[in-house]
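Hi there,

Here is the structure I promised to send over. Have a look at it first, and then read on for what turned up.

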Amino acid sequence: MSGQQEILNALRAAAPKLEVVDAAEAVAAKSHDYWMRSLLQRRMGVTQRGLAVARPSTTAEVSSVLTWARKTKTSVVPFGLGSGVVGGVLPERDQLVLDMSAMDKITSINDNSLTVTVQAGMRGSTFEEQLNAKGFTMGHFPQSIALSTVGGWCATRASGQHSTLYGNIENMLLGCEIVLPGGQVITLPSVPRSAAGPDLRHIFMGAEGVLGVFTELTYRIHPLPETQKGRAYAFADLAAPIEVLRKTLRAGWTPSVTRLYDSREAGRNFAGVAAEGSSVLLVLSEGPSARVEAELEAIAALVKEHRGTDHGDEPVKSWIDHRNDVPTFESLLDQGLVADTIEIAASWEKLVPLWEAVVERGSALDGMLVVSGHISHSYTQGANIYFTFAGAKEEMADRLKLYDQAWDTILDATHEHGGTIAHHHGIGRMRKEWLKKELGGAHDLLVALKRAFDPDNIMNPGALLDA
Ligand SMILES: Cc1cc2nc3c(=O)[nH]c(=O)nc-3n(C[C@H](O)[C@H](O)[C@H](O)COP(=O)(O)OP(=O)(O)OC[C@H]3O[C@@H](n4cnc5c(N)ncnc54)[C@H](O)[C@@H]3O)c2cc1C
């Protein structure tokens, strides 16, 4: 019997009811996420597969796996639904994939205090549908809602399309249960607010499975909104609608969705709506009718002040209907293209220079066809920019080179212009070097934390940081 079989047998003995699969194809399917770079490498013949997939259905089973992992010094890679886009999931041949998708139930809803408790492996769209059926929403709508888990959202510090009203995942998580490396189960209590020491939830949110495994989460929920209304506007430039957004937030309005497309993206997505070369702003407001009417009226006045033109609500309805349709990376590669998206954030005064620098430098790369961007999350202090790039090269190796150059160029420009190198996709393997640049001396603290939690470096090694 091989050493690896012996290790798996020890796992089966430690947790007899745990589902453990080691068939090559089934393991390969859960040995990567949607990271374009790893897809390119797979197309170039690099094979990627972990040791086996364990699929726990209880917290006790997760704990047994992490106890076994410490004893046998086996690395464990938590896996939600694998929708991450930066290489957070990429197990080696001797590493176990911990597939959370069987922990997929809402365990309770508290109508009085507006909270929901849910197991970490539940699919986002099923979760939101079940909440809706009871008259609630979580207000978290990542484009990948049907591809991702409610636990993966916390592990990556996710953002949904309605974040301007409902906030991002860190504004929604109240309490959670986490299994630490070594198997200890801890519970961070669900309370409306607390000053009981530092907020430990923030150590685990965004840790991408390197410090422990989320098994259960308690999130804030809301009654379904009474009204939802949208409006689309076009502008001759980008600076004017950025001012509209800034002043909207500054005045205290919080439309649920704020999306501003530069002229390249507006041309791709809203051809026929506005004149060629225009930028397009979409606004969706929701909540009590009186507030929605007042909010849209106030925004319309700002649009007028900044010489925008009103294009009605159809473009917003069309965006809602198609908002989660995206071409697969596979289909882009089949067309000879290489493409990706890179989301960053900066304060208001830095946005336009940063945006211009990224488009100018990125477009100058050999083989680049287009670099474009849109704002999809706005705050009182600034906004994100979600850049998309697409280039063409015949050979896969040249596409990989262009891919790396594009990331280098866009994140270097972001860092130089004072933006953060990640708004909501996290770090994975793609952004580790820029995380060091962004955190400076504080990066050592993160490494120290990892070593304290996981002295054997067995939780998702290689993601987020090198310990
Ligand atoms: C088409 C598309 C659109 C997207 N749109 C958005 C968007 O609008 N907003 C957004 O924020 N993101 C978006 N993403 C990125 C992705 O969906 C998110 O990062 C999501 O939160 C990942 O969830 P997952 O369950 O699929 O996690 P996975 O991809 O399986 O894992 C991601 C990371 O979290 C770790 N992890 C997973 N589950 C757990 C757990 N229970 N405990 C501890 N660690 C865990 C993994 O080890 C890995 O490091 C998009 C991705 C795609 C492909």
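At what angle do helix H10 and helix H12 pack, and how far apart are their axes? Keep in mind that this is a predicted model. Helix H10 (residues 239-250) packs against helix H12 (residues 289-305) at about 145 degrees, and their axes lie 9 Å apart. The crossing of H10 over H12 is right-handed. On the H10 side, the contact is made by Val-244, Lys-247 and Thr-248, and H12 contributes Ile-299, Leu-302 and Val-303. Sorted by class, that contact has four nonpolar residues, one polar and one charged.

Now to the domains. The assignment for the protein chain gives domain 1 (3-101), domain 2 (106-223), domain 3 (227-322), domain 4 (329-430) and domain 5 (431-467). Taken over C-alpha atoms, the centres of domain 2 and domain 4 are 28 Å apart. Nine residues from domain 2 and nine residues from domain 4 take part in the contact. The side of domain 2 that touches domain 4 is made up of six polar, two charged and one nonpolar residues.

Seven strands form an open sheet in the order S15-S12-S14-S13-S17-S18-S16, and the pairing is antiparallel. At its edges are strand S15 (309-310) and strand S16 (337-347), each of which pairs on one side only. Within the sheet, strand S17 (residues 368-375) and strand S18 (residues 382-392) are joined by six bridges in the antiparallel sense. Helix H13 (residues 314-322) lies across strand S12 (227-235) and strand S14 (279-287), and runs at about 115 degrees to S12.

Happy to go through any of this with you.

Best wishes

Conventions: Residues numbered from 1 in each chain as written. Predicted model: local features only at pLDDT ≥ 70, side-chain atom pairs only at ≥ 80, totals over all residues. Pairing = 2+ DSSP bridges. Helix = DSSP H or I, 4+ residues; strand = E, 2+ residues; numbered from the N terminus. Contact = placed C-beta atoms within 7 Å. Axes fitted to C-alpha atoms, helices over the stretch in contact; angles between N-to-C directions. Domains from an automatic or database assignment. Nonpolar A, V, L, I, M, F, W, Y, C, P; charged D, E, K, R; others polar. Left-handed = near helix turned anticlockwise from the far one by under 90°.
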